[in-house]
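Below is a set of questions and answers on one protein model. Each answer works towards the value or name asked for.

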Amino acid sequence: IMMDLKQSYSVRLNDGHFMPVLGFGTYAPDHTPKSQAAEATKVAIDVGFRHIDSAYLYQNEEEVGQAIWEKIADGTVKREDIFYTTKLWATFLRPELVRPALESSLKKLGLDYVDLFIIHVPFAMKAGEELLPKNASGEIILETVDLCDTWEALEKCKDAGLTKSIGVSNFNHKLLELILNKPGLKYKPTCNQVECHPYLNQSKLLEFCKSKDIVLVAYSALGSQRDPQWVDPDSPHLLEEPILKSIAKKHSRSPGQVALRYQLQRGVVVLAKSFSEKRIKENFQIFDFELTPEDMKAIDGLNRNLRYDKLQFAANHPYFPFSEEY
């Protein structure tokens with residue numbers, strides 16, 4: 001997968017569409033007012049972000065859609081300049097629920113298509129309106145849906161023009177093979193969006209994805225927002241890492257910029273989430289400096305297979321993605 005970081009800052013997907021290599025993440029914990037997603041998305045578009053990543057789960061698509069439309073209305077961008085991703089939530093993996101879920105996102109966004117529609121997690125939760133269906137003892141209720149059936153429903157969404165590209169998220173290499181080896185496969189997944197940062201650099205999964213012409217997209221690339229609903233509060237802070245700090249100092253950059261640039265140089269598409277105007281600007285300024293091979297090697301050396309988002313509640317599901325090495 002070739003990336004020309006000087007040119008259009010985009011990578012060609014295996015279906016011929018192009019994805020900007022730097023994306024703006026819009027997820028925020030529940031206590032953050034949803035209006036902040038709209039403001040931050042407008043700032044992101046103003047500073048140059050063209051790839052916007054959201055999801056049904058984030059419950060902010062009305063706000064993000066409104067921000068995109070305001071930036072189209074004021075002439076900053078056209079719809080075709082924006083690469084917008086949404087995700088199929090775990091309660092909609094049954095094939096008959098896939099298209100209605102996408103149509104629901106499109107309606108909230110006010111868009112007639114998205115650029116990318118991906119399966120958010122490989123394991124299904126009990127179908128219905130509840131985002132996190134729980135039983136009497138407070139445990140999330142899971143169910144098993146054949147991923148190949150879900151995938152076929154995504155292929156139909158692409159054929160219907162509701163999404164330009166389709167992909168997956170939080171899949172390991174075995175789950176990717178399940179789709180790739182599906183009899184009658186019409187479209188390969190274009191990408192696999194996974195947690196990826198210097199403490200969990202996913203080198204084996206990255207190598208596997210490259211061999212199949214699947215783009216790896218990194219979330220939590222700056223560490224994690226440490227939402228206590230999903231993440232252990234005692235986990236180490238990536239951006240406090242001394243080696244990242246010293247490399248950043250050498251380049252007169254921030255540790256966050258180094259962590260993002262690291263991914264671009266490995267051929268990973270990287271998402272950066274911030275709702276602070278100063279940091280949104282900073283996160284976009286990663287195309288005008290280069291890490292040396294020594295820098296890259298030092299950052300590679302930080303890998304410790306530290307996963308912030310463990311999805312532990314699904315550990316007994318047949319499609320739980322994190323019991324495999326990669």
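Q: Which residue is the bridge partner of K87 in β6?
A: This is a predicted model, in which local features need pLDDT of at least 70, side-chain atom pairs count only at pLDDT 80 or more, and totals for chains, interfaces and linings use all residues. Residues are numbered from 1 along each chain as its sequence is written, and side-chain values use heavy atoms, with hydrogens and water left out. Strand β5 (residues 83-88) runs parallel to strand β6 (residues 114-119) and is joined to it by 4 bridges; strands here are DSSP E runs of at least two residues and helices are H or I runs of at least four, numbered from the N terminus. In β6, K87 has as its bridge partner I118.

Q: Which residue in β9 stands opposite I118?
A: β6 also runs parallel to β9, and 5 bridges join the two. Two strands count as paired if DSSP finds at least two bridges between them. In β9, the residue opposite I118 is G167.

Q: What is the bridge partner of V168 in β10?
A: Strands of a sheet pair through backbone hydrogen bonds, either parallel or antiparallel. For β9 and strand β10 (residues 191-195) the sense is parallel, over 2 bridges. The partner of V168 in β10 is N192.

Q: How many strands form the closed barrel?
A: The barrel runs β3-β4-β5-β6-β9-β10-β11-β12 with parallel pairing. Neighbouring strands of this sheet are turned by 30° against each other on average, direction ignored; the axes are lines fitted to C-alpha atoms, for helices over the stretch in contact, and angles run from 0 to 180 degrees between N-to-C directions. The strand count of the closed barrel is 8.

Q: How many of the 7 residues of β9 are buried?
A: Buried means under 20% relative accessible area, exposed over 50%, and partly exposed in between, with a 1.4 Å probe and protein chains only. β9 is largely enclosed by the rest of the structure, because the number of its 7 residues that are buried is 6.

Q: Is H120 buried or exposed?
A: H120 lies in the loop between β6 and β7 (124-125), and an unreviewed UniProt entry places the feature "binding site" there; such annotations may be inferred rather than shown by experiment, feature names are shortened, and positions are in the numbering used here. Leaving aside neighbours within four places in sequence, H120 is in contact (heavy atoms within 4.5 Å) with A55, L57, Y58, K87, L88, W89, S169 and N170. With a relative accessible area of 8%, H120 is buried.

Q: How far apart are the end C-alpha atoms of helix α4?
A: Helix α4 (residues 147-159) has 13 residues. The expected span is 1.5 Å times one less than the number of residues, so α4 should span 18 Å. This agrees with the distance in the model, 18 Å.

Q: Which residue at the start of α4 has a side-chain oxygen within 2.8 Å of the backbone nitrogen of C148?
A: C148 is among the buried residues of α4, as are W151 and L154. What covers the buried residues of α4 includes β5, α3 (95-109), β6, β9 (163-169) and α5 (173-180). The side-chain oxygen that reaches the backbone nitrogen of C148 belongs to D146.

Q: Near what value is the positive phi of S220?
A: Most residues other than glycine have a negative phi, and most peptide bonds are trans. S220 sits in the loop between β11 (215-219) and α7 (242-250) and counts as partly exposed at 24% relative accessibility. Its phi is positive although it is not a glycine, near 55°.

Q: Is S252 exposed or buried?
A: S252 is in the loop between α7 and α8 (255-265). Its phi is positive, about 55°, and it is not a glycine. At 65% relative accessibility, S252 counts as exposed.

Q: With which side chain does the side chain of E241 make a polar contact?
A: E241, in the loop between β11 and α7, is buried with a relative accessible area of 7%. Not counting residues up to four places away in sequence, E241 touches Y199, L302 and R304. A polar contact is a pair of N or O atoms within 3.5 Å; within protein, one must be able to donate a hydrogen and the other to accept it, and residues adjacent in sequence count only if both atoms are side-chain atoms. At 2.6 Å, the polar partner of the E241 side chain is that of Y199.
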